[in-house]
Every structure is written in C-alpha cells, then in structure tokens.
Amino acid sequence: MNNLLKYLSIYKAFFKASFAADIEYRLNFVFLIIAEFVWYSTQLILFEVLYRHTNVIGDWNLQQMRVFIFLALFVDSIYMILWDQNFLAFNDNVRKGTLDLLLMKPIDSMFMLSSQRISISHIPCFFITAAGCIWSLAQLPDFNWLKLLWLIFLVPAGLSVIFCGRFALNCTAILFTRADFLQYVWFSLFRLGLRPDAIYSGFLRIILIFVVPFAMVASIPARILLEPTQYWMIAWGIVLPFILVTLLKKYWRYCLSQYSSASS
Amino acid sequence: MRTSFAAFWRRNLALANLGIVTNLEYRFNFIIDAFIQPILTVGIEVLLWLAIFKTAEHAQIGGFNRESYLAYAVWAPFLGRITISWMYESMMAEEVASGSINTILSRPISFFEYYLSQMIGYKLITTLFSMMVPVAVSIYFKLPIFYERLPITLLLVTYYLVLVHIMSFLVSILGFYLTRVRSFTILKNLTLMLLSGELVPIDLMPKSLEKLFLFLPFSSGVYIPLAYLSGRGDFELLKTGFFNVTWAIAVLGLFSIIFWKRGVRQYTGTGA
Amino acid sequence: MGSVIETENLGRVYKTYSKKEGILNSLKGFYDRKYIEKVALKDATLKIEAGKIVGLVGSNGAGKTTLLKILSGLIYPTSGTATVLGYKPWDRDNEFLKQVSILLGQKNQLWWDITPRDSYSLLTKIYDLDTNVARARVNELAHLLNCTQVLDTQLRRLSLGERMKMEIIGSLLHAPKVLFLDEPTIGLDIVAQSAIRDFLERYVKEYQPAIILTSHYMDDIAQLADQLLLISKGQIVYDGTVEHFMTTSDLKKKLIYRLKNSTEEKEKLFNSQELPMVLAEMAGAGEVADIKVEEVDFEDVIRSFLAKESSTR
C-alpha cells in the first residue's frame, strides 16, 4: 500500500514534468494533436470508402464497423497518453547509453522506462475517441448500455496486450544493439489490432485471440458490445493481463542479464 | 562549389555505398526491414481484401475484380514503404536540432546530397530484397501484374524519392527555427499515406477527391505506379505521374533553397 | 572505517565481430560472422574505503569504464566477485541503488526540457526523499558550486559547465555513500574544471562518501585522488597513493631542449644517474639553442608510463 502511494506520487511528478516539457514546444504540441486527428481520419476514411462499395465486411455492417474502429482508437489513445513516448525513446536510450542512468534509479526499472513521459498532447484524443464510441453505439438500433461495464475488464486487457507487446519488442533492442526497425514491425503488428478479427479466418483467428492476442485490443471488446455475450471472451480478458505481465517480467530480467552497455 | 561530373558521381556512389554498408551491418535490423515487415503488412492487407470479397454481393467492386485488389493490396504497402522516409528524415532533423550538422557544413559536400545518396542507396538494397515478397505472392496467386512494366514503374518511384527527400529536407530545415520537428514528420507521412493511395486505391474515392488526388504529385508514389503496373491505368497516367513529380520538385526545390539559405544564415545552434 | 567496495579477481570478456571494408564483405559478414573475444577486465582485486577518492587512470579502452559499470551494477562480470556496501551490485537492489550514484560526463540524467529544479523534485520522489530536506540540499549544493542563478532555467539553455554542475547536484541529491564519476570535467574550460575539483574536495571532507573517479585530466587525479588505480589492458597495474607512485617511479627529472633552427621543443624524462647519458644524446642531436631542466610532475610520469604500457605487450 505504502509502495503504491510512493509510485502514485512519483507518477504525479512525472505528469507535472511532462506537462512542463510538452508545452515548451507549442507548435510541435499543436501539430501532434493535428497529426493524431489525421491518423484517426485515415482509419475511418478507409472503411467509409470501402463501405461505399459493399454493405458487409466480415460480418459487420458500417454502423458496427464504426463501433469497432472508435473502440480501437480509444484504446490506442490511452496507450499513446501513457506509454508511447517512452517506448519511442527506448532505442535512443539504448544506443546513447542513457539507459545506464535510468537503470541506476532505485525504482522499478520497467516502470521507469515505460512511464516517465506522459503525452499531454494526446489527452484531447482520449475524449474525442470516447465521444466517437458513444456516438457510434447510439446509432445502433437497440444497444444495451449496461454492456459498457464489460469494458472495465476488456480495455485493460487490450492495453496489456499493447504494453507487453511493445515492451517486449523494445527489450529485444537491448539484445541486438540497434533495432530501430522493431518499431516498424510494431506498427505492422499493431495493424493486426486495428483490423476486425472477422477478416482472419480459422487458425489465424485463433492465433490472434490466444497467441498474439491483438484481437483483445478492439475486436473482442467490440464483439462483446455488438453480439450476444460470450463469457469465455470475458474470462480470457481477465486472465490475459496476468499471463502477459508475468511473461514480460521474465523476459525483461533475461534481457537485462544480457545487457552490456553500449559505451564501453 | 565547382564540381566535375565524375567527382559528383564518385562522391555520391561512395555515399550510397555508405548507406548500404551501414544498414547491412545490423543484420537483424535488415532482415526485419527487408522481409519480416513486408510479409506482415502484405499479409494483413491481403486478408482484408479477401474478407471484403467473401462477403461482397458482387464479383466486382468499383469496376475491378478480386485479383486486381489483391494485386493492389500486395504492392501498395511495398511501394508505400519505399516512398516514405522515416529513418533518414529523423536523422536529418536530429543533425540540425543537435547542431552536429556543423561537421557536414564544414565539408565540401552539401547536406542535401549527403543524405540523398545515402537514402537512395539504402532504399535500393532494401527494395531489391523486399521485392521478393510481392513478386512471389503475385506469381503464386496469378495476380494481374505486367512484369515488363516494372522497370519504368520503379524509375518513377525512384524519381519520386527525390521529391520525398526534398520534403524531408524541408522538414529538417524547420529545425533551424524550431527545436522539435518530429510532429511535422508524423503529420506529413500520415497525410502522404492517404494522398499517395497507399491506404485506399484512389479510384475508389468519390470522383471529386479522385481528381484532386491525381492532380497532386503524391499519387506518383504509390497509386500511379501501381495502377500502371497492374493494368488499372495506362501509359498516359504514368506520364502524368512523371509530369506531376517534375513540377513538384521544381516548386518545393525552390522553397527549400530559399529556406535553407535563410535558415543557415540565422542558425545559432543550441550551444552544445 | 572498513572498506565499502571489495572485489576479487573481477573479470569481464566481451564478444565483438570484425569485418573488412566494402559491400561484398558486408554481405559476407551478414551470414558468416567472425567473433573475437575481447578481455576488458581481468583479475581485478581491490579495496576502497569510505571518505576516499580513488582515481582510475588508463588509456582509452583499458577497462576503466568496464570496472566502473560492474561496480555500479550496470553490467555483470564474467568472473570473480564484488561487493559494494555489502550488496552484489548487479542484483540492483533498490536499497543499494539508493545509496550509490553514477555520473557520466557526456550524458544527461536530468530532463532536457525542464528546469533543473523541476528535475530535482522528480528525483526527490524517485529516491523517496523528504521534500524539505532535498530542497535545502539543492540550495546548499548550488551555493557551494556557485550556480544558484541557473536552477530555474531549462537544462537545454545552459552552458556545458553549468549543465555539469546541475548534473552533479542531481547525482548528490540523495547523499550517496558511493559515487561513480566518469569524466566529470570533460570538455569544460579551466575555470569550470577547477571549480568542480574544489567542490569535490570539500564535499568528500564533509560527507565522507567513497568516490571512484575517472578523468583524462591528470590534474583532476593529482589534486583529488587519495588512492590511484592504474589500469592497462584490463589489468590493474598499480594500486596505491599518488605520492608513492611518484617516489617509486625512477623518472625524476625532465630535460627540455630546443635545437637551433627548430621551433619544436624536445622533452626527455630521466633519473638522476642517467644525466650524463641524456646530455650526450642531446649534444649528438645537433646544436642546442635553449635548455631547461625541471622536476617531473604527475602528468609526465603517467604519460610515459602509459606510453610504455601500450608499446610493450
């Protein structure tokens, strides 16, 4: 409990420092917000254009697909606020050797590396995508709003997939000294989460749910909202984060043991 | 700076060489860049289009059949990746922002040239390898690809790379005035994804948008070469592509000369 | 006081790979890599006490940084043992990390875009310090370093010297018992260098931490180090005081001369018995225009020592 309070107070300090740093570069700040909206628009435009020419993709119509996309973007926005900047800086830290300094801090190294920068410029995106979700759900004929409560479990599950996946890829940078392309692999992998799981059939879909569980980012939550509740999905969503975090911790320990600093 | 033609080529070949050698040095990186990532992206896009056609009520969408879209889905990410510059652009921006550009400024070579040749050399080697993926998939699925059109298509793409580089150059010049330019890179590249046709085939867009996108030079990066390669477009379209890139290089080139001169003059560095 | 750092037969081996010039060799290196084992540190056995500054000296690649990084827990040794403050450094126990600090002269640990004071309040939280105590300490250290006026300026707007002072405050904020300083004066002008030197001297007297210091400036070592560790090709070749090192060295004098029609000054270190020989050698070189004989200083001896070490073996 005491520990939790300590980390909360550190986090508060991180937030303050990030805020101060972010508004230092005003123009950059504004452009980042705009870039985020362009990104969201491209994802929406893709499906809006496709649905001009067809009525159903996989088993969803346009209204249902919108729910899926806004949900995916909503989860993405939380990830962007909390962690993305840190992961972007990770490779640089390895290459320049500043990782040394971060590892010398007497707090959990995973926390230090993943959370010290909070992206203030993405906070508007959080609200916009949340509003988009609500709007797209309101378009559905008979949506049971109580179902939203399931998201309390499923959004953290989706986030854990993104967090652990990205962190694990970054750890790999330690093993290979230079791995900037891992982040491009990440973008490709992340696309798996941004496409509805209905496009993947059979074996592949099972992999996406259980092995590389990107389906948990938005596809499964969207199915829970849009279709009759399948309880195994919720159960899996509750168990998954624990599995992933445990595996990640093991892997991180292994990578650190392999770590030999860049600058010697 | 007076340079003879031969010296120009010697210098730039050496730089292209540098780009290639640096990237082969990190083999893990290279394998990911040249194989794994293309396979992943192509895989996802192909699956999306297969799903679309599975549930579509017609055998054709927007006048083209399934194979035609698969061809698009296979080649668009490939071309998109060639024609987008993340790595060298951030390297250039970093040089300007950190002040390490001084070492290049003091050498008898221009900053522009220094990175252009490296970028093209590097793109060449990754393209060579990563082209195996779309070619293999196209042959396997018997996709409508006119292989004899490939050389001239790649020529347009290479020409377009010069334009891409000018844009990167402009973004990094911004570093003379602003301390952080990363957001410009992100915003620009995302917009280009849409404008180039990487995300959605431009001919599926509403007519007015289609016209606009074809008028802009950015469709020469993905849509036009691909349309020509897959038979969606004719030689006329390809010519438009070359024409568009030419005027864009002229206009943006002029801008970059002006901004570069002004930027260097008022450049103060960060005192590091 | 007992020793805070103890090591026995500490060693570290790295693996690197070699490649010849050109694209073809790059392609070859792509599938067939020749790995070379490089010994960075070998059989290092040493003891360091609290309140002492240890100067770690050696040429580039001699193994200084490796030793420093093993002792601070950043890398694992491949052989031998080490305890720092009773901990195995590479376990990176939080209690251990709270009592040590590392400062790398060419890297920033403070946040680039915010003011040092903001960075310090972040560090205060990270090291779990009392806010008021930490604030008082910042003021005290800033006063000692004579840099109170820049505490509220963003780090990136500061000069190199000011930035280094800020980094030093940051690394001392939690009053570490062991402090690793890697090139703390690198790139600084003479005034800033001596300011930092004087500060460190006073600081050690007052707070009694153990400090391990590497520096390319022998003045740093000569003024500060209570104990000198000379390291060459990964091995500790001398462990003792600076004074003792100077007395055991048989090089006592330095002859400086200039030949006629030359602007270059030549230098020769020698011991007292060698004087006739050295003079004869000088006379044989040509017509002498100018001559000086001086006592050798620390830097001279170290330099000739390192030169000899790198030419033998």
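## Strand E3 and the sheet of chain C

Strand E8 (residues 227-232) of chain C runs parallel to E3(C), and four bridges join the two. The model is predicted: local features need pLDDT of at least 70, side-chain atom pairs count only at pLDDT 80 or more, and totals for chains, interfaces and linings use all residues. Residues are numbered from 1 along each chain as its sequence is written, while chains are lettered from A and ligands numbered from 1 in the order in which they are written.

Some terms come first. Strands (E, at least two residues) and helices (H or I, at least four) are DSSP runs, numbered from the N terminus. Two strands pair if DSSP finds at least two bridges between them. A residue is buried if 20 or more other C-beta atoms lie within 10 Å of its own, exposed if 12 or fewer, and partly exposed in between, with C-beta atoms placed from the backbone.

E3(C) also pairs with E7(C), in the parallel sense, over four bridges. C:Gly55 has a partner on each of these strands. In E8(C) the bridge partner of C:Gly55 is C:Leu228. In E7(C), C:Gly55 stands opposite C:Leu213.

Five of the five residues of strand E3 (residues 53-57) of chain C are buried, so E3(C) is largely enclosed by the rest of the structure. Both faces are covered. C:Ile53, C:Gly55 and C:Val57 lie on one side, C:Val54 and C:Leu56 on the other, and all are buried.

The whole sheet is open and has six strands, in the order E5-E6-E7-E3-E8-E9 (chain C), with mixed pairing. Strand E5 (100-104) and strand E9 (235-240) of chain C stand at the edges with a single partner strand each, so one side of each is left without a neighbour in the sheet. From one strand to the next, the twist averages 15°. Here axes are lines fitted to C-alpha atoms (for helices over the stretch in contact), and angles run from 0 to 180 degrees between N-to-C directions.

E5(C) is an edge strand, yet five of its five residues are buried, so E5(C) is largely enclosed by the rest of the structure. C:Val100, C:Ile102 and C:Leu104 point one way, C:Ser101 and C:Leu103 the other.

| Pair | Bridges | Facing residues |
|---|---|---|
| E5(C) and E6(C) | five | C:Ile102 and C:Phe180 |
| E6(C) and E7(C) | five | C:Phe180 and C:Ile212 |
| E3(C) and E7(C) | four | C:Gly55 and C:Leu213 |

Confidence comes next. Chain C has a mean pLDDT (the predictor's confidence in each residue, from 0 to 100) of 86, and 95% of its residues reach 70 or more. The model scores ipTM 0.78 and pTM 0.82.

Chain B holds twelve helices and two strands. The radius of gyration of chain B is 20 Å, close to the 19 Å that the globule rule gives for 272 residues, so chain B is as compact as a globular protein of that length. That radius is taken over C-alpha atoms, and the rule is 2.2 Å times the number of residues to the power 0.38. Of the 272 residues of chain B, 47% count as buried.

Chain B also meets chain A: 36 residues of chain B are in contact with 36 of chain A. Contact requires C-beta atoms, placed from the backbone, within 7 Å. On the side of chain B that touches chain A, H2(B) gives the most, with 14 residues.

Notes
Two residues are in contact if their C-beta atoms, placed from the backbone, lie within 7 Å.
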